[in-house]
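Reader: Hi! I'd like to talk through this one with you. Could you walk me through it while I look at it?

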Amino acid sequence: MKRAAVAAAALVAPLALAAVVLLAPLAALSGALASPLTPSTAALSDIPAELLPIYQQAAGRCTLPWTVLAGVGKAETDHGRSTLPGVASGANAAGAAGPMQFGIGGRAGNTWGGAPVRSVPPDLRFGVDGNGDGVANVYDPADAIQAAAGYLCHLGADTDLRTAVASYNAGPGNPAAGMGYADRVLAIADGYAQPAEPQPASGPGAWGDHANGRIPAEALCPIDPSGEQRLRCDAAAAFAQLDAAYRARFGSGISITDSYRSYDDQVRLKASWCDRGACHMAATPGTSNHGWGLALDLGGGINDFGTAPHDWMQANAPAFGWHHPHWARQGGGKQEPWHWEYGTGAAR
Ligand SMILES: [Zn+2]
């Protein structure tokens, strides 16, 4: 949105804009023009409360959405919660260190610049003292997040966000190798922003004070012998009855491809669809009914329109509380013959 504002201003008054750019520090200009993205409930439950304002403030260094900066922090180290080598101390095998995995040497190069923990000034390369304590510390989120924002801006985040994020991961000379990473980060960022318009819900949504994709296993019931596939317990009980009826008709049970989906799994799925150029095929992370344990993806023929198993499900599943949402039907906009939900009427 900020870019559009700049473009419009440039068309109307190029001289005035040039004067502003000359007079104002770039960071201040960006901060004044940047449109704030409201954190989604998923962002509030996933991002440590002390880091959220740091991401938001640091992103003002250029037209970098804070959600993307936070997406990098999530993808790199789960916001510093990872216990892998190089996060809280030292460096990983490639030479990356701290919550934002800055290169401090080795294969990763030294994009941080100088020692990983050092007095400032001077600022060397991208490592900065973000919180003004006189130390640039690659392990301190207050410094590392500011530095990551500066590095992403340097990589061209305000002109080509995807390439900048890819370069952050794979190095500025090799963005193609980082595109999968970039898609994952952009999918995380998508889930961190409150949608401007409420998304059309096709199921009953929240229950039991849980957040989407963060339901403890003990609050769900298994629906297959391995216990890998789980649903909310009333949905699981209804599914067992539906499955028995299906088995009586077809001689074998319903084949289950996917059921409850954690938040992180939703991020992975969104990224894999985006990677294939079909972002719209996956829900925004934190909004899927799979994250509520109330949706199933089914196979064994149900996953194709016009088959006997699919038609049987259309005719019989509603009696067991299961239905195929309108948006997933043939001509429904986002055809998913495999996707079934529990708990709302067949009319939706
Ligand atoms: Zn599904």
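Reader: Let's start with the sheet made of 4 strands: in what order do they come, and is the pairing parallel or antiparallel?

Author: Happy to! This is a predicted model. In it, the 4 strands make an open sheet with the order 7-8-10-9, and the pairing is antiparallel.

Reader: Which strands stand at the edges?

Author: Strand 7 (256-258) and strand 9 (322-323) do. Each has a single partner strand, so one side of each has no neighbour in the sheet.

Reader: And how many bridges join strand 8 to strand 10?

Author: There are 3 bridges between strand 8 (residues 295-298) and strand 10 (residues 339-342), which run antiparallel. Within strand 10, Glu341 is the residue opposite Ala295.

Reader: What about strand 9 and strand 10, how many bridges there?

Author: 2 bridges join them, again with the strands running antiparallel. Glu341 turns up here too, as the bridge partner of His323.

Reader: Which way do the residues of strand 10 point, and are they buried or exposed?

Author: His339 and Glu341 point one way, Trp340 and Tyr342 the other, and all of them are buried. As a general rule, side chains in a regular strand alternate between the two faces of the sheet.

Reader: Nice. Let me zoom out: how many helices and strands does the protein chain have?

Author: It has 12 helices and 10 strands. The chain has 348 residues, of which 42% count as buried. Among contacts with a separation of 6 or more, 57% are between residues 24 or more positions apart.

Reader: Which residues touch the most other members in the largest nonpolar core?

Author: Leu69, Ile145, Ala148, Leu152, Val165 and Val185, out of 55 residues in that core. Several elements supply at least two residues each, including helix 5 (52-58), helix 6 (66-77), strand 1 (96-97) and helix 8 (161-170). Helix 7 gives the largest share of this core, with 9 residues.

Reader: Which domains does this core draw at least three residues from?

Author: Domain 2 (39-192) and domain 3 (217-342). Another core, of 22 residues, lies apart from it, and Phe239, Leu242, Ile302 and Phe320 are among its members.

Reader: Back to Ala148, what is it in contact with, leaving aside neighbours within four places in sequence?

Author: Ala148 is in contact with Leu69, Val72 and Met100.

Reader: Now helix 9. Is it mostly covered or mostly open?

Author: Mostly covered, as 12 of its 14 residues are buried. Tyr181, Asp183, Arg184 and Tyr192 are among those buried residues. The buried residues of helix 9 pack against helix 4, helix 6, helix 8 and helix 11.

Reader: How far does helix 9 reach from its first C-alpha to its last?

Author: It reaches 20 Å, close to the 20 Å expected at 1.5 Å a residue.

Reader: Changing topic: which residues does a cis peptide bond with omega of about -5° join?

Author: That one joins Val120 and Pro121. In general, most peptide bonds are trans.

Reader: What about phi, where does Gln101 stand?

Author: Phi of Gln101 is near 55°, a positive value in a residue that is not glycine. Gln101 belongs to the loop between strand 1 and strand 2 (102-103). Asp209 also has a positive phi, about 60°, and its place is in the loop between helix 9 and strand 5 (220-222).

Reader: Why does Gln101 count as buried?

Author: Because it has 27 C-beta neighbours inside 10 Å, and 20 or more is the cut-off for buried. Asp209, on the other hand, is exposed, with 6 other C-beta atoms within 10 Å.

Reader: Last one: where is Arg249, and is it buried or exposed?

Author: Arg249 is in helix 10 (residues 233-250). It is exposed, as 11 other C-beta atoms lie within 10 Å. Its C-alpha atom is separated by 9.3 Å from that of Pro309, 60 residues apart along the chain.

Terms used. Residues numbered from 1 in each chain as written. Predicted model: local features only at pLDDT ≥ 70, side-chain atom pairs only at ≥ 80, totals over all residues. Pairing = 2+ DSSP bridges. Contact = placed C-beta atoms within 7 Å. Core = buried A, V, L, I, M, F, W, Y, C linked by C-beta atoms within 7 Å. Domains from an automatic or database assignment. Expected span 1.5 Å × (residues − 1).
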